[in-house]
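My notes follow in the order in which I went through them.

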Amino acid sequence: MAQVYISAVITAPAGQVWSAIRDFNGLPGWHPAVTESRIEAGAAADQVGCVRAFRLQDGGLIRERLLALSDYEYSCTYAIMESPMEVENYTATLKLTPVTDGDRTFAEWSAQFDCARRQEARLIGRIGNDVFQSGLDALKSRFGG
């Protein structure tokens, strides 16, 4: 099983950063790779089990299911249901932790998935850099840090 882990410090309180990322349908508002998103079947964007379908800048379509959402732990976990990436059993968690020294946020984004052995290094790099790091960099730009 392949694993990806990216972290960053954002110069803003965790609650403020969480308000931007908590909306499972809100990716276009903060992630530079996402152009549009919708929650299927009229579900609420914070309803565990809801499915978001979103389109990437390159035209790719991804569908993900929300598996867990915690306002207490500032975390969400989701699974990819459909994607142009050749991954299976993909689950990811985006988690925020308050840093009390300076009222900052420690952000962690991690995933695990199965894929063909020959694709593993490429997918780890793509997910780590193009998805997770670019998303955290966008949050840092938005909030400072």
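I took helices (H or I, at least four residues) and strands (E, at least two) as DSSP runs, numbered from the N terminus. This is a predicted model, in which local features need pLDDT of at least 70 and side-chain atom pairs count only at pLDDT 80 or more, while totals for chains, interfaces and linings use all residues. Residues are numbered from 1 along each chain as its sequence is written, and side-chain values use heavy atoms, with hydrogens and water left out.

**Entry 1. Overall fold**

I counted two helices and seven strands in the protein. Read along the sequence, their order is β-α-β-β-β-β-β-β-α. The radius of gyration is 15 Å, close to the 15 Å that the globule rule gives for 145 residues, so the protein is as compact as a globular protein of that length. For this I took the radius over C-alpha atoms, and the rule is 2.2 Å times the number of residues to the power 0.38. Along the principal axes, the C-alpha trace spans about 45 × 35 × 25 Å.

**Entry 2. Burial, contacts, surface and charge**

I call a residue buried under 20% relative accessible area, exposed over 50%, and partly exposed in between (1.4 Å probe, protein chains only). Buried residues make up 43% of the 145 residues. A contact means heavy atoms within 4.5 Å. Of the contacts with a separation of 6 or more, 48% come from residues 24 or more positions apart.

The protein exposes about 7,200 Å², and carbon and sulfur atoms supply 47% of that area. Accessible areas come from the Shrake-Rupley method with a 1.4 Å probe; for residues, only the protein chains shown count as cover.

I then located the charges, with Lys and Arg as positive, Asp and Glu as negative, and His and the chain ends not counted. Each charge was placed at NZ of Lys, CZ of Arg, CG of Asp or CD of Glu. The mean positions of the 14 positive and 18 negative charges are 3 Å apart.

I treat two strands as paired if DSSP finds at least two bridges between them. Strand β2 (residues 34-39) runs antiparallel to β3, joined by five bridges. V34 has L56 in β3 as its bridge partner. On to the next pair: β3 and β4 (residues 61-70) are antiparallel and also joined by five bridges. There I found R55 opposite L61 in β4. β3 and β4 form a hairpin with four residues between them, and G59 in the turn has a positive phi of about 95 degrees.

How many of the six residues of β3 (residues 51-56) are buried? I found five, which leaves the strand mostly covered.

E40 lies in the loop between β2 and β3. E40 counts as buried because its relative accessibility is 17%. Leaving out residues up to four places away in sequence, E40 touches V51, A53 and R63.

β5 and β6 run antiparallel, joined by five bridges. K95 in β6 is the bridge partner of S75.

β6 (88-99) and β7 (104-114) have a loop between them, and the two strands pair in the antiparallel sense over 10 bridges. T93 stands opposite S110 in β7. Their hairpin has four residues between the strands, and G102 takes a positive phi near 95 degrees there.

Most residues other than glycine have a negative phi, and most peptide bonds are trans. I noted Y74, which has a positive phi of about 50 degrees. Y74 is partly exposed, at a relative accessible area of 21%. I also noted D103, with a positive phi near 50 degrees. D103 sits in the loop between β6 and β7 and is partly exposed, at 45%.

Which residues does R142 touch, not counting residues up to four places away in sequence? I found A20, G29 and W30. R142 belongs to helix α2 (residues 120-143) and is partly exposed, with a relative accessible area of 49%. R142 and V17 are 125 residues apart in sequence but 9.3 Å apart in space, C-alpha to C-alpha.

W109 is in strand β7 and counts as buried at 3% relative accessibility. W109 and L136 are 27 residues apart in sequence and 8.5 Å apart in space, C-alpha to C-alpha.
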